[in-house]
Amino acid sequence: MDQSRRLKSVKQGNKKMKNPFLKANGISKRFGALAALTGVDLEINSGEVLALLGDNGAGKSTFVKILAGAHTQSDGELLVEGRPVTFSSPKDAAGSGIATIFQELALSENLSIAENVFLGRELRRSVLGIPFLRRTEMRDRVDALLHELDAHISDPEAPVGSLSGGQRQAVAICRALNLNAKLVIMDEPTAALAVAETRKVLSLTRRLAERGCAVVLISHNIADVFEVADRMVVFRRGRKVAERLRQQTTPEEIVSLITGAHPDVRALETNQ
Ligand SMILES: Nc1ncnc2c1ncn2[C@@H]1O[C@H](COP(=O)(O)OP(=O)(O)OP(=O)(O)O)[C@@H](O)[C@H]1O
Ligand SMILES: [Mg+2]
């Protein structure tokens, strides 16, 4: 995307800041004696890629698992489109339009792309009381989604087992879109990918945001984050220590925020 379009979408994101898709207020999570998250406040806007950064163990995955209904917070509240929500399972989160693409993608190798996209919510019709799958309709829908994402996959009938890592990410993104996800969370989607595949997944990520989805991206790769994220949030030891718009920061500053060398983080941590 060129600079002016990106700035425009960031501005739109800012404008929507008053009505975020999701708002986290004071989220804390304890695992026994360990405080994995402490008082995290965060807003996630539609049409925006928000990157979560931080060292190993900073609490990023724990936070997105709470958004995804895989963990329940010990404290704090989540609001979706202004309404308080309680998620007891990933199904509850999906019901609020939140889809998560975890590193281990959970696709079925021996099923086709189309079958994977519709898994568990196949389209059916009934003829004389006998249910039939609406295969052509499902295939056409998946074809349209793949085309829209510019995923370069020609045959929705191909088994997922024959796809590369990047293509599998595209299938997982199609599945999220097919669920009408309004927030797509991606936890290290490019960690295991080669350079060309990484580029493809990053451009899919931008496309999701341009389609109006809110996207949360976790990545340790600062260059990738600077390429796609509109806003960045840094976690350290379970706390949110910084938030920056992409055009107001640099990779160097983000690294110093992650490592704790940044004066803002040092000030914050000496006051704790
Ligand atoms: N199910 C669990 N039970 C107990 N402790 C956990 C559990 N999940 C995470 N933790 C702990 O919570 C802290 C935060 O972990 P989390 O996985 O959220 O970190 P992260 O920022 O995603 O790190 P990474 O970059 O390595 O993926 C860590 O100290 C971790 O050991
Ligand atoms: Mg993690």
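This is a predicted model: local features need pLDDT of at least 70, side-chain atom pairs count only at pLDDT 80 or more; totals for chains, interfaces and linings use all residues.
Me: Why is H6 called roughly parallel to H7?

Reply: The axes of helix H6 (residues 165-178) and helix H7 (residues 195-210) cross at roughly 15 degrees and come within 8 Å. Because angles under 35 degrees count as roughly parallel, that crossing makes H6 roughly parallel to H7, and the crossing of the two is right-handed. On the side of H6 the contact is made by Gly165, Gly166, Gln167, Gln169, Ala170, Ile173 and Leu177, and on the side of H7 by Glu197, Val201, Leu204 and Leu208.

Me: How are the residues of the contact of H6 with H7 divided by class?

Reply: They divide into 6 nonpolar, 4 polar and 1 charged, and Gly is placed among the polar residues by the definition used here.

Me: What makes H5 and H6 roughly perpendicular to each other?

Reply: The axes of helix H5 (residues 135-148) and H6 come within 10 Å and cross at roughly 115 degrees, and the range for roughly perpendicular runs from 65 to 115, so H5 and H6 are described in that way. H5 passes H6 in a right-handed crossing, in which Arg141, Leu145 and Leu146 of H5 meet Cys174, Leu177 and Asn178 of H6. By class, this contact of H5 with H6 has 4 nonpolar, 1 polar and 1 charged residues.

Me: How do you know that Asn56 makes a polar contact with ligand 1?

Reply: A polar side-chain atom of Asn56 lies 2.8 Å from an oxygen atom of ligand 1, and since the limit for such a pair is 3.5 Å, the pair counts as a polar contact. His220 likewise has a polar side-chain atom 2.8 Å from an oxygen atom of ligand 1, while for Ala58 a polar backbone atom is 3.1 Å from an oxygen atom of the ligand. The residues around ligand 1 include Phe31, Leu34, Asp55 and Lys60.

Conventions. Residues are numbered from 1 along each chain as its sequence is written. Chains are lettered from A and ligands numbered from 1 in the order in which they are written. Side-chain values use heavy atoms; hydrogens and water are left out. Axes are lines fitted to C-alpha atoms, for helices over the stretch in contact, and angles run from 0 to 180 degrees between N-to-C directions. Helices (H or I, at least four residues) and strands (E, at least two) are DSSP runs, numbered from the N terminus. Angles under 35 degrees count as roughly parallel, over 145 as roughly antiparallel, 65 to 115 as roughly perpendicular and the rest as oblique. A crossing is left-handed if the near helix is turned anticlockwise from the far one by less than a right angle, and right-handed if clockwise. Contact means heavy atoms within 4.5 Å. A residue is near a molecule or strand if one of its heavy atoms lies within 4 Å of it. A polar contact is a pair of N or O atoms within 3.5 Å; within protein, one must be able to donate a hydrogen and the other to accept it, and residues adjacent in sequence count only if both atoms are side-chain atoms.
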